[in-house]
Amino acid sequence: MNRSDGIAHLHVLMTADAVGGVWQYTLDLARGLRSECVRTTIAVLGPPPSADQQAMAEAVGARLILTGLPLDWTADNAYQVEGAGRAIARLAAQIGPDLVHLNSPALAAHVSFDIPVVAVCHSCVATWWQAVKGGPLPEEFVWRTELAAKGYAAADRLLAPTLAFARATAQTYGLVQAPHVVRNGRRSVVASRSECGGDYVFTAGRLWDEGKNFAAVDRIASRLRVPVLAAGPFDGPNGARADVNHARPLGRLSDSEIVRHLSREPIFLSMARYEPFGLAVLEAAQRRCALVLSDIPTLRELWEGAASFVAPDDDRSAAEEIERLLQDSEARAAMGRAAQERAEAYTVESMSAGVLSAYNSVLRRKSPRSSLEGAAA
């Protein structure tokens, strides 16, 4: 472990869900923290993870607890979220971790934990609404936003994956201090290179989420001479659904299946209106795919100079840029190399170091005896 951090053999209780990118984030972080002598217990809320997802958790040495508790963004009312928070607090009391890491800060809204709490602002309905819809929040989002605000206030440390999203969160919730930025990382899965080139377009994610703007991707597919392959679920746990008319739906794929597609170095397309980080973009960049991305602050922050940018509603420009790259193999290869080089900055190791530093800061502030110096004494 990194002795300079002053933490020895921590046990962290981390919440997660198996619906989207938080699952990948959680497992990669657990893997990275394990190398620093941090043991992770993952409390899974929402739908249970699939068999391959559970196998991934076992591979990183994390203990899974399937709670069956509702997610804050799928719950029917505030009482369900409050109940889930109390259940997580009881779980913490039972298993005795040193720290609680909430990937859903709303769980801390009405709960007093006896140990430090680090919460991560991965996304929220208020910032989602501003980016995707605009205007006053609907009533079903108001109480969710209020719970998130209380959870932010209750946490000992708030983290966010990009500066742009940290600022948006601070502005939306009137935070005195913006969340501390720890950029996400993604483990690069080793895969043999395919002999065949990827003369197709690839997109991936929670395609049912309007924030991903799959409707634009589907329209762009009708303008192209090559297929657009779309990996991910089209039906969400909240009842949302994305229609597909022109793209080629692949459904939910395992990590290894996605890597197989990306290893052929297709052009990766994201027209997202809301993307606090974008792990799928990072995965594509790691495989040296040329990136065509929506011009939103978070993606600009991460990929400026290593991607082509188009407005989220400019189908024509996106299609023209893709066709240009298809016709200019040298430009496409150069963009792929630039993306891969940039991806090297967003590693699991750097993410884990940043999160561990946050753990250290709250543990030293709230419980000096948790440090190595205290243990040695």
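Modeller: Let's start with a term: a salt bridge is a side-chain nitrogen of Lys or Arg within 4 Å of a carboxyl oxygen of Asp or Glu. Keep in mind that we are looking at a predicted model.

Colleague: Thanks! How many salt bridges does that rule give here?

Modeller: The count comes to 19 salt bridges. The general idea is that side chains of opposite charge can pair when their charged atoms come close. Take Glu 320 and Arg 316: their closest N and O atoms are 3.1 Å apart. Both residues sit in helix α11, separated by four residues, about one turn of the helix.

Colleague: Is Glu 320 buried, partly exposed or exposed?

Modeller: Glu 320 counts as partly exposed because its relative accessibility is 44%.

Colleague: Which parts of the chain does the Arg 225 and Glu 323 pair link?

Modeller: That salt bridge has an N to O distance of 3.0 Å, and it links distant parts of the chain, 98 residues apart. Arg 225 belongs to the loop between α7 (214-221) and β9 (228-231), while Glu 323 belongs to helix α11 (residues 315-327). Arg 225 is exposed at 55% relative accessibility, whereas Glu 323 is buried at 15%.

Colleague: And what about Asp 235 and Arg 241?

Modeller: Their side chains form a salt bridge at 2.6 Å, N to O. Asp 235 is partly exposed, with a relative accessible area of 46%, and Arg 241 is exposed, at 55%.

Colleague: Which residues are linked in a network of salt bridges?

Modeller: Look at Asp 28, Arg 186, Asp 255 and Glu 283, which are joined in such a network. Glu 283 is also one of the buried residues of helix α9.

Colleague: How many residues of α9 are buried?

Modeller: Eight of its eight residues are buried, so with "buried" meaning under 20% relative accessible area, helix α9 (residues 279-286) is mostly covered. Among them are Leu 279, Val 281, Leu 282 and Gln 286. Just after α9, Arg 288 takes a positive phi of about 65°.

Colleague: Let's turn to strands. In which sense do β2 and β3 pair?

Modeller: A general point to begin with: in a regular strand the side chains alternate between the two faces of the sheet. Here, strand β2 (residues 39-45) and strand β3 (residues 63-66) pair in the parallel sense, over four bridges. To find one of the contacts, go to Ala 43, whose bridge partner in β3 is Ile 65.

Notes
Residues numbered from 1 in each chain as written. Predicted model: local features only at pLDDT ≥ 70, side-chain atom pairs only at ≥ 80, totals over all residues. Heavy atoms only, no water. Pairing = 2+ DSSP bridges. Helix = DSSP H or I, 4+ residues; strand = E, 2+ residues; numbered from the N terminus. Buried < 20%, exposed > 50% of the residue type's maximum accessible area, 1.4 Å probe, protein only.
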